[in-house]
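Biologist: I'd like to learn how to read helix packing and pockets in a model. Can you walk me through it?

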Amino acid sequence: MSKFTVEEEFMLDGKPLKILSGAIHYFRVLPEDWEHSLYNLKALGFNAVETYVPWNFHETVEGEFDFFGTKDIKRFIHTAEAIGLYVIIRPSPYICAEWEFGGLPAWLLTKPNLRVRSRDPQFLEYVERYYDRLFEILTPLQIDHHGPILMMQVENEYGSYGEDKTYLSALARMMRDRGVTVPLFTSDGSWQQCLEAGSLAEADIIPTGNFGSKSQKRLDNLHKFHQQFGKTWPLMSMEFWDGWFNRWGDRIITRQSDELIDEIGEVLKRGSINLYMFHGGTNFGFWNGCSARGRIDLPQVTSYDYDAPLDEAGNPTVKYYKIQQLVHKLHPEIQQTTPKVKPLMAKDHITLTDKVSLFNILEDISHHSESFYPESMETVGTAYGYMVYRTQLKRATRQEYLRIVDARDRVQLFLDNEKVYTAYQEEIGDKFEVALKQPVVQADVLVEHMGRVNYGYKLVAPTQRKGLGQGLMQDLHFVQQWKQFAIDFDLLEDKYFEQAWEADQPSFYRYQFDIETPESTYLDVSGFGKGVVLVNGFNIGRYWNIGPTLSLYIPGALLKQGQNEIIIFETEGQYSEEIRLLQAPQYIASKRKERTS
């Protein structure tokens with residue numbers, strides 16, 4: 001049993017410990033690849049790994065907890081321990097992390113008047129129920145329980161959101177009541193207002209800083225804040241941003257390596273560091289987050305490459321080797337080894353096998369509900385992905401005026417299976433004109449949830465409820481009587497591809513192919529418009545031809561020797577008779593820029 005304490009320095013069994021940590025999110029990397037990434041962190045000369053714990057990943061459905069398979073955080077921690085790494089855990093109910101709803105479960109949006117990230121008793125009750133299960137796993141893995149966990153976070157960047165110290169104290173108390181004995185910390189932007197609003201320094205919970213530039217100034221701010229409480233705590237950048245995330249339609253953001261190395265060096269001379277990210281990984285499925293900018297929400301892309309020291313596939317980049325050189329220069333006593341590099345494969349001319357239109361199999365692959373008014377995705381029971389809302393319109397005039405009101409996030413309207421309208425963000429709510437070809441037509445509204453906001457004031461807003469919202473207006477009245485179809489890709493079976501395909505409709509495209517030696521790869525999606533991709537049944541995430549990415553990463557663990565299957569769900573009617581696998585990601589070349597702060 002070891003003991004880790006926070007004094008003037010971080011102390012492990014009475015000896016100073018400089019924490020050299022890197023962020024690897026177990027939920028963005030498949031378990032088969034955890035060892036590869038963790039090994040490369042240790043090879044860098046680092047001694048710890050940091051990870052968030054996303055609440056919605058483990059309690060996606062209210063009251064149903066899952067800590068197995070890809071969600072087996074205990075296995076991730078043991079893997080890190082076996083490699084010789086300590087672990088820093090950030091288990092707060094909110095994590096940001098460019099993750100769907102900042103880690104908060106979408107089902108919270110069905111609770112009337114609930115206020116997230118607050119002293120609201122209803123919110124705290126749900127957190128306690130979650131913590132009951134989570135800390136059954138984490139508590140025995142603390143360093144003073146013969147495990148590798150050094151520290152745990154109370155809340156994440158709360159100083160950028162609120163100043164409710166009663167809430168923060170409640171979280172800390174919950175953790176202590178469930179057996180947490182290791183030091184607790186908070187992490188916030190490194191300036192006075194943020195640190196003051198988000199910390200619990202008065203309760204001996206150490207404040208740490210999140211930044212990626214102006215390191216001396218940020219550390220000075222942190223040091224002065226510590227002094228306000230008569231403390232000489234060690235300085236730590238809990239998130240040192242070595243790259244950045246990317247959004248649909250924006251440009252790829254990169255960071256110049258030499259400037260980054262200079263800033264990392266400044267931190268290492270004065271304190272400890274956690275590189276955010278060390279390995280970014282992938283926003284599989286529908287787990288990408290969304291930025292809020294005024295009236296506009298900006299969803300993040302599937303790739304969470306982050307321009308990190310390890311690329312999306314987990315292989316070392318130029319940054320990796322430069323950081324390794326820096327660590328050796330500053331601390332030649334630290335043992336370093338050669339990192340692992342996994343091979344990537346390419347394959348051309350994978351031909352289309354089958355295709356089927358969504359509307360021909362909609363009832364077979366959906367969970368149904370009926371209501372007088374359209375119901376939100378959260379209310380119907382699913383909160384992610386796609387939902388079709390169906391009703392009937394009666395023709396009154398030759399040209400009808402329609403309006404889709406309060407829908408999120410992207411909508412397509414089909415009249416008798418013919419697409420007549422697409423809208424997104426600010427366009428939703430505008431009046432548009434259609435011609436009804438029959439006295440009564442079937443109206444289907446395909447709504448795509450594109451990611452809930454993960455940071456900022458919109459976390460408390462009703463704008464994070466997804467679906468048709470108030471509904472569809474014809475002339476000046478709302479249309480009523482709806483059927484909802486929550487699409488479930490797990491229900492897709494071979495037999496459904498025997499149904500018909502029609503052009504210009506949302507459709508599934510199946511490609512089957514053989515592989516002799518499966519390796520990780522990238523799927524070229526430049527021939528498609530918008531949708532998601534299933535690889536042997538696993539949803540690897542979204543694509544969209546507005547870029548900046550035009551490929552999706554496929555971990556080798558998803559492929560198998562022999563026959564494999566890729567199914568592409570395409571909503572825009574664009575598809576290719578052939579697809580190909582690449583050894584490197586593909587981007588829109590013009591969409592690149594450099595971040596330096």
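Modeller: Start with a helix contact: P31, W34, E35, L38, Y39 and K42 in α1 meet R75, F76, T79, A80 and I83 in α3. Contact here means heavy atoms within 4.5 Å, and helices are DSSP runs (H or I, at least four residues) numbered from the N terminus, while strands are E runs of at least two. This is a predicted model, where local features need pLDDT of at least 70, side-chain atom pairs count only at pLDDT 80 or more, and totals for chains, interfaces and linings use all residues. Residues are numbered from 1 along each chain as its sequence is written, and side-chain values use heavy atoms, with hydrogens and water left out.

Biologist: What is the angle between α1 and α3?

Modeller: Axes are lines fitted to C-alpha atoms, for helices over the stretch in contact, and angles run from 0 to 180 degrees between N-to-C directions. Helix α1 (residues 31-43) and helix α3 (residues 73-83) pack at about 35 degrees, with axes 9 Å apart. Their crossing is right-handed, meaning the near helix is turned clockwise from the far one by less than a right angle.

Biologist: How do the residues of that α1 and α3 contact divide?

Modeller: Into 7 nonpolar, 1 polar and 3 charged. Ala, Val, Leu, Ile, Met, Phe, Trp, Tyr, Cys and Pro count as nonpolar, Asp, Glu, Lys and Arg as charged, and the others, Gly among them, as polar.

Biologist: Now pockets. How much space lies in the largest pocket?

Modeller: The general idea first: rolling a probe the size of a water molecule over the atoms shows where empty space is left. On a 1 Å grid over the protein atoms alone, a pocket is an open set of points where a 1.4 Å probe fits, with protein on both sides within 12 Å along at least five of seven lines; lining residues have an atom within 4 Å of a point. Here, the largest pocket holds about 1000 Å³, a volume being the space filled by probe spheres set on the points, joined across faces, edges and corners. Of its 35 lining residues, T60, F286, W287, Y384 and D490 are the closest to the centre. By class, that lining has 19 nonpolar, 10 polar and 6 charged residues.
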